[in-house]
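Student: I would like a close look at one part of this model. Please take me through it step by step.

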Amino acid sequence: MMCCCMVFAVACRTMSHLFSPPSYFPPPHYDFKQNPLDKDKVLLGRILFYDPILSQDNTISCASCHSPYNSFAHTDHALSHGIGDKIGTRNAPALLNLAWHERFMWDGAIHHLDMQALAPITHPLEMAESMPNVVKKLEKEALYPPLFKKAFGDSTVTGENLLKALAQFQLTLVSNQAKFDSVMRKQSHFTEQEQHGYVLFDQHCSTCHPPPLFSTYQFANNGLPLDTVLKDYGKMKITQNHADSLLFKIPTLRNWEYTAPYMHDGRFQKIQQVLQHYTKNIQKSATLSKELQNGVVLSANEKIDLIAFLLTLNDRHFVFNPAVAFPKTYLLDKKNSSSSNGEVQ
Amino acid sequence: MIIRCLFFLLLCSNVAIAQKNRALDIQLLFQGQKLVLDSSYWIAQKQDSIQISTCKFYLSNIELLQDGEVVFRPTKKHFLIDISQPNSLSIDLSNKKKLVFNQFRYTLGIDSTTQVAGAMGKDLDPVNGMYWTWQSGYINCKIEGYSSHCTTRNHFFQYHLGGYQAPFSTQKTCTLLLNSQQDQWILYFDIARFLEQTDLVRLPEIMSPQAEAVRLAHIVAQLFSTKP
């Protein structure tokens, strides 16, 4: 009994080292009891995340479209960029604070973080690989069986363990070091302009983007006209319910500055274009969010103050955190030193 | 006398073992004959030539009952039955004591609790090709093949029957008569009877949760039989 308690205590300490959100965050949605965080599993997931071996031609990794410097989103491309220069149909979203998400993808197609990686790995316009082939490739790559053994106690590569490891790494992508967070911790103060921007934000934006996560992670029609090329109706594709037409997942505003372009199809390059949309260009339709029925009214000066507040949501520590960066020790030298146990750089 | 006693004990022990190590065998048929993958079959009713290339499905929550009372549930909850994997065509029903039952209950498909429980292994591992990747959820039943009537590329038809949320929940629980005294416990599924109830011309492909998937999945579930 005492032994069990000690094991549990050690597990809790390990978990808190890997995942320690601030007290003002709500309880996470992810059920950690089903996949308790473990440093070896997180490391394996991190290596897999950055390894292009997951794609059919070994050229595209998860990080290709989810770069740490873009808060694990994608820059330069409005739509995701897959193998063979194929272009997808959606803007690669930022990956952060994923333990609080109930559903994934812009249309909510995926209901569990563990299963999310299946979509990009197998999508013909993204990594275009099959799960059985990924498993075969990883088993043949000398680097991986020892890492699976260390993480899961079995060197056999399975889809289950591959997915759990990827989920574990992504769960550690917690952003809570923005200026907004330091104000929450009473370690800093908003400037007068930021404070005014916060008031405006509270009036106009916070219903869909409430702090501290800055999203409800629900789905809404924010009045964007349908892209006539993509013809993307969002959540309706999944539910086949007309009430879900043009509903897309509400993204977090944390780290927005690193994650341009914006919206599900990356149609806006700049934050000013986003504000222009909400103040001038909302298209009415049967499913338009009720919060946007009367549009948003902001003067030019108010827009500037609002942006000043939004800039306090940028978390530079998260973006440049070496603990979640490319694992050079493993991936650059993997062909030569397959069983490296050195410090990860 | 001692030798007689020993012989009797040995005999009893063998009978006990025989009672303990029993399995339910799955036999996939086409018009009453053992189904052979990629072989050509003729459906006279439809004047159609058919080949089956894939037949996989999940049987879950298996229970043996005596007059409606559950007498046995195997520990394993989900069985992936795949005609191309002979080892999958037998469900272990071994038990410590002799089972007496007259009914067999099963669910075709994966229950909604398991569907949302995250990554799982063995029969539920996504590498088995029974998990949708573009949308979360297990494919409860996958039947693929070729029909001379299909106007699709290479005359290929594919039914990926899944969906776990209302109104497109495809899992279905059924109960059959199965006597514990029978020499063999066999569950038959005649795929020709399924194809007779599908419209391969109008709807040769189903690969998402939808009303037609629900209809076909429920047909599949009810076509299982304990008699050939």
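Student: How many salt bridges does the rule find across the interface of domain 1 of chain A and domain 2 of chain A?

Tutor: The rule finds one salt bridge across that domain interface. A salt bridge here is a side-chain nitrogen of Lys or Arg within 4 Å of a carboxyl oxygen of Asp or Glu. First, the ground rules. This is a predicted model, where local features need pLDDT of at least 70 and side-chain atom pairs count only at pLDDT 80 or more, while totals for chains, interfaces and linings use all residues. Residues are numbered from 1 along each chain as its sequence is written, chains are lettered from A and ligands numbered from 1 in the order in which they are written, and side-chain values use heavy atoms, with hydrogens and water left out.

Now the two domains. Domain 1 of chain A covers 25-174, and domain 2 covers 179-317. These bounds come from an automatic or database domain assignment. Taken over C-alpha atoms, the centres of the two domains are 26 Å apart. Domain 1 of chain A brings 27 residues to the contact, and domain 2 of chain A brings 28. Contact means heavy atoms within 4.5 Å.

The size of an interface is often given as the accessible area lost when the parts come together. Between domain 1 and domain 2 of chain A, the buried area is about 2100 Å². Buried area is the accessible area (1.4 Å probe) that two parts lose on being put together, summed over both. Carbon and sulfur atoms give 59% of the area buried between these domains.

Ten residue pairs are in polar contact between domain 1 and domain 2 of chain A, both residues at pLDDT 80 or more. A polar contact is a pair of N or O atoms within 3.5 Å; within protein, one must be able to donate a hydrogen and the other to accept it, and residues adjacent in sequence count only if both atoms are side-chain atoms. The side of domain 1 of chain A that touches domain 2 has 13 nonpolar, ten polar and four charged residues. In these classes, Ala, Val, Leu, Ile, Met, Phe, Trp, Tyr, Cys and Pro count as nonpolar, Asp, Glu, Lys and Arg as charged, and the others, Gly among them, as polar.

Now a salt bridge in detail. A:R90 and A:D232 form one, and their closest N and O atoms are 2.5 Å apart. Both residues also touch A:H264. Leaving aside neighbours within four places in sequence, A:H264 is in contact with A:R90, A:N91, A:W106, A:L224, A:D232 and A:F248. A:H264 sits in the loop between β2 (248-249) and α12 (271-280) of chain A. Helices (H or I, at least four residues) and strands (E, at least two) are DSSP runs, numbered from the N terminus. A:H264 counts as buried because its relative accessibility is 6%. Buried means under 20% relative accessible area, exposed over 50%, and partly exposed in between (1.4 Å probe, protein chains only).

A cis peptide bond, omega about 5°, joins A:P211 and A:P212. A:P212 is in the loop between α10 (192-204) and β1 (219-220) of chain A. A:N58 is not a glycine, yet has a positive phi of about 60°. Its place is the loop between α2 (39-50) and α3 (62-65) of chain A. With a relative accessible area of 41%, A:N58 is partly exposed.

Next, the interface with the other chain. Here 22 residues of chain A are in contact with 22 residues of chain B. The two chains bury about 1700 Å² between them, 59% of it on carbon and sulfur atoms. On the chain A side, A:H111, A:M115 and A:E160 lose the most area to chain B, together 32% of what that side buries. Five helices of chain A each supply at least two residues to the side that touches chain B: α4 (113-116), α5 (118-122), α6 (131-140), α8 (159-171) and α11 (236-239). The largest share, four residues, comes from α8(A). By class, that side of chain A has ten nonpolar, seven polar and five charged residues.
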